[in-house]
Amino acid sequence: MNSLEKIRQENPLVVCYTNDVVKNFTANGLLSIGASPAMSEAPEEAEEFYKVAGALLINIGTLTKANEKDILEIGKIANQQGTPIVFDPVAVGASTYRKQFCETFLSEINVSVIKGNASEILTLVDSNTTMKGTDGETDLDVVTIAKKAYEKYQTAIVITGREDVIIQDNQIVKLSNGSPLLAKITGAGCLLGGLVAGFLFRNTHPSLQVLEESVSYYNIAAEIAEKSEKVNGPGTFLSQLLDEMYQLNYDTYKQFVKREEV
Amino acid sequence: MNSLEKIRQENPLVVCYTNDVVKNFTANGLLSIGASPAMSEAPEEAEEFYKVAGALLINIGTLTKANEKDILEIGKIANQQGTPIVFDPVAVGASTYRKQFCETFLSEINVSVIKGNASEILTLVDSNTTMKGTDGETDLDVVTIAKKAYEKYQTAIVITGREDVIIQDNQIVKLSNGSPLLAKITGAGCLLGGLVAGFLFRNTHPSLQVLEESVSYYNIAAEIAEKSEKVNGPGTFLSQLLDEMYQLNYDTYKQFVKREEV
Amino acid sequence: MNSLEKIRQENPLVVCYTNDVVKNFTANGLLSIGASPAMSEAPEEAEEFYKVAGALLINIGTLTKANEKDILEIGKIANQQGTPIVFDPVAVGASTYRKQFCETFLSEINVSVIKGNASEILTLVDSNTTMKGTDGETDLDVVTIAKKAYEKYQTAIVITGREDVIIQDNQIVKLSNGSPLLAKITGAGCLLGGLVAGFLFRNTHPSLQVLEESVSYYNIAAEIAEKSEKVNGPGTFLSQLLDEMYQLNYDTYKQFVKREEV
C-alpha cells in the first residue's frame, strides 16, 4: 500500500505546534488528505497526545518568548514518546533570535525531518551566510546545501523551491512538480510540513520514498489545481488546492510525478 | 418571527472565546447568518462586551495554562451579567488536562448549553469511559448519553454526529440533516457552537425549538452546499457553505428539515 | 510608476502585528497585491525586521494584557528605525480598556496613518462620545470627524465606510468604490490596514495620492469581485476578492475609481 492510501485508511493523528497564521489552512489540508490534525499546544497534555500521534510538526513561524519554553518542552516529550518530529525553521535567516532558538532546539531535540527553503536550510548550516530567495541559485547549490545540512544534522532534509531536493540515507532526489501560485498563498510551505508529518506513521526514520510521496502529492495537487478552469488567482486556487488534495489518487500521482535521482 | 429572521434583523453581538484554529471561520460563519461576532478575550473588557452581547461562546480547543485563568474569569463575568454561555468541550476525552479543566469550569460556571460530539459529552458524564468516534454507536446510545448529561448538568445538551440529538426541558429531538463534507473541514463543529450562541438573544434558558433551529439551519445549509455543482471537495465546500448560510431562508429550511421526537 | 506597479515590482516586506482572527486573510491579501507579509510579533527580532520592512501594521483587534507591553515596545522600535506605522484601533469604542490603551499608544508612538471606521476615529477624538455604526451619519459628519482627528493627531487619517474619507496635508478626498459584501466577511477592514501599510515603502509621510490608491485598489477589486458570476455570497466573494486583487491593473483602476475632493 502506498502512503496516500495508507493515510486515508489509518487517518493518523498529526499534532501541530505551528504558527498563528496557518493553523486553519494546515488543519484543512491535513483533513483533505485523510489525516486527523490536532493543534494541541499545552505541554500538560503532550504525552497523552503524542503517545497516539503519527507525528508532531513544529513550525516556528510566530516564535515569541512566551512559546519558546513550551516548544522545547514538547520537543522533549515527543522524543521520550518516540514520536517523530518534523521541524520547519520558518524565516530562520531573518533574525538572530530565530537563529539562536533553532540552534538550541536542534542541539537538544532529535528531529526526523528538517524542512525549509534553501535560504532557511543554508542558515541552519552556516548562520553567517545570508541568501535572499532561491531563484538565482543553480540546482547544484541547493543540492550542496542539502548535503551539508544532512551531514551536520544527520537527519532527512527536505528543501522546497522551484525544484524540491530531498536527502535521506545518503540518497538525493530532485522533484519538479508544483505551481507558481503556491508562492501567492500564505502557509503553502507550512502546510507541506504538516503533510510530511502526516506521512510518517510514527516512523522516526522515514524512507526517501515516503518523503518524496508527501512532497510530490502536494505539488501535483497544486499543479492540477492551477490548471483548473475554476482558478483565476490565489483565492480560487486555495479552494481548488484543498479539493485536489482530497481527490488525488495514486494513479494520477504516478502519471504526473517528475523526479530525478542526483 | 423565527430565529433566522430575528438574527438577520437584530444582528446580535456574539462574543467568542474560541480556539486559535477556527476564529476566522467562526467569525465568517456568524457574519453569514447575520450575527456580529467579536473575538474579545480580555477579561478587562468582558463586562462591557457581555452587557450587550446576545451570548458568549467558550470553546477549549486550544486550551493552555495561559488562558485557563482567563476562561474561568470571563465565565464568571458572563454569569454576573446574565449573558448565556454555550460551552464546547473540544476533545475533552483526549487528555486528563482537558477533563480536569472542564470539571472545574462546569462546577464554577453556569452554562446554558453544552455542545459536543457523543465522545466529548460521554467524557463529561463519566470521565473513566473512553469512546472513539460515534460511528459504531446506535442511536439509543447517543440518546442515553444526552439524558445522562442533561441529568448531571441540568442544562440543554446538544450532541452532534451523523444524527444530532438535543435535550432540553426533558424533551429530546433527533435531527438528521447535514453533510459528510462537514467532517472534512476544520472547525465545522466549533462554528456550530458559535451559531447556537448566535440564536440565544440573551436567553439563558433557550427553548428546544431555538436549539433545533440553530443546528438544523447549519446542517441544511451544508446539505445544500454539498449538492451544489460548484463543490468538488472540502475547499469549494467551505466557500459554498458560507454562501448557503447567507442565503438560506425559512421556507427552504422548512422544506428540508428532518426531525424526530424521541 | 504608480503604487500598484511599484508594489508588484518591489514586493515590500510588511510586518503585521494584527489580531488573531485575520492573520491568515491579511497575509493572503498582501501576497495577492505583491507584498511580502511577515506576522512577526517578537520584540526580540523587531529591529532586524523593521530595518528592511516597508511598514508596520498595528491592529488591536484582540488586545490582551499579554500583548499590550509588546505592542508598545515594537512601536518604539519601529519609530527608532524610521519605519512607518499604520495604526488600526479596532473597536476602540467598545471598551474603556481599548480606549485607554489607544490613548497611551498614540501619546507614546508616532504613527504615519490612523485607519478606522467613523465610530472608531470619533472615539479617538472624543472618548466620551459614542456612535453606533456610520449609516445614519451624513457625509459632513465623517469629514468633520476626519478633520478633528487630523488636527488632534497631526497625521494622515483614513476613515472607512460606505464612503471612505482620507485627510492628509490638509487635503480631503472622498472615495466611493466598494461592495456591501465587504461587511459580510471578517477582517475586510483589517486587511485594508495591511494594504495601506503595503503602499508606504518606508515613507513616514505618505502623500494623499498613495493613501487613495491603496484604499481604492481594494474597493475596486471588491466591486469587481461582487459582480463576478462566480459570487453568490460571502464565501465565494472571499475567494474572488483575492483573485481580483491579484489581477487588477492600473488601467482598470483608473476606469473604475470614484473620487471627489472635499
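This is a friendly conversation about how three chains of a predicted model meet and what space lies inside.

Student: Why is the pair Lys23(C) and Asp20(A) called a salt bridge?

Tutor: The closest N and O atoms of Lys23(C) and Asp20(A) are 3.1 Å apart. A salt bridge needs a side-chain nitrogen of Lys or Arg within 4 Å of a carboxyl oxygen of Asp or Glu. The pair therefore counts as a salt bridge. Across the interface of chain A and chain C, the rule finds two salt bridges.

Student: What makes such side chains pair up?

Tutor: Side chains of opposite charge can pair when their charged atoms come close.

Student: How do you know that Lys23(B) forms a salt bridge with Asp20(C)?

Tutor: Their closest N and O atoms lie 3.2 Å apart, and the cut-off is 4 Å, so the pair qualifies. Between chain B and chain C the count is two salt bridges.

Student: Which partner does Lys23(B) have in Glu41(B), and why is that pair also a salt bridge?

Tutor: With Glu41(B), the closest N and O atoms of Lys23(B) are 3.0 Å apart; the limit is 4 Å, so this is a salt bridge too. The two residues sit in distant parts of the chain, 18 residues apart: Glu41(B) is in the loop between strand E2 (36-38) and H3 of chain B, and Lys23(B) is in helix H2 of chain B. Over all chains, the search finds 39 salt bridges.

Student: What makes chain A and chain C count as being in contact?

Tutor: Contact means heavy atoms within 4.5 Å, and by that test 26 residues of chain A touch 22 residues of chain C, so the chains are in contact. About 2000 Å² is buried between chain A and chain C, with carbon and sulfur atoms giving 55% of that area. On the chain A side, Val21(A), Lys184(A) and Asn232(A) lose the most area to chain C, together 26% of what that side buries.

Student: What else does the rule find across this interface, and which helices take part?

Tutor: There are 11 residue pairs in polar contact between chain A and chain C, both residues at pLDDT 80 or more. Helix H5 (96-108) and helix H10 (234-247) of chain A each supply at least two residues of the side that touches chain C. The largest share, five residues, comes from H10(A). By class, this side of chain A has 11 nonpolar, 10 polar and five charged residues.

Student: How do you know that chain B touches chain C?

Tutor: Using the 4.5 Å limit, 22 residues of chain B are in contact with 26 residues of chain C, so the two chains touch. In chain B, Leu31(B), Glu44(B) and Tyr246(B) lose the most area to chain C, together 23% of what that side buries. Across this interface, 11 residue pairs are in polar contact, both at pLDDT 80 or more. H2, helix H3 (46-52) and H10 of chain B each supply at least two residues of the side that touches chain C.

Student: Which residues line the largest cavity?

Tutor: Of its 32 lining residues, the closest to the centre are Asn24(A), Leu238(A), Asn24(B), Asn24(C) and Leu238(C). By class, the lining has 14 nonpolar, 12 polar and six charged residues.

How values were computed: Residues are numbered from 1 along each chain as its sequence is written. Chains are lettered from A and ligands numbered from 1 in the order in which they are written. This is a predicted model: local features need pLDDT of at least 70, side-chain atom pairs count only at pLDDT 80 or more; totals for chains, interfaces and linings use all residues. Side-chain values use heavy atoms; hydrogens and water are left out. Buried area is the accessible area (1.4 Å probe) that two parts lose on being put together, summed over both. A polar contact is a pair of N or O atoms within 3.5 Å; within protein, one must be able to donate a hydrogen and the other to accept it, and residues adjacent in sequence count only if both atoms are side-chain atoms. Helices (H or I, at least four residues) and strands (E, at least two) are DSSP runs, numbered from the N terminus. Ala, Val, Leu, Ile, Met, Phe, Trp, Tyr, Cys and Pro count as nonpolar, Asp, Glu, Lys and Arg as charged, and the others, Gly among them, as polar. On a 1 Å grid over the protein atoms alone, a cavity is a set of points where a 1.4 Å probe fits but cannot get out, and a pocket is an open set with protein on both sides within 12 Å along at least five of seven lines; lining residues have an atom within 4 Å of a point.
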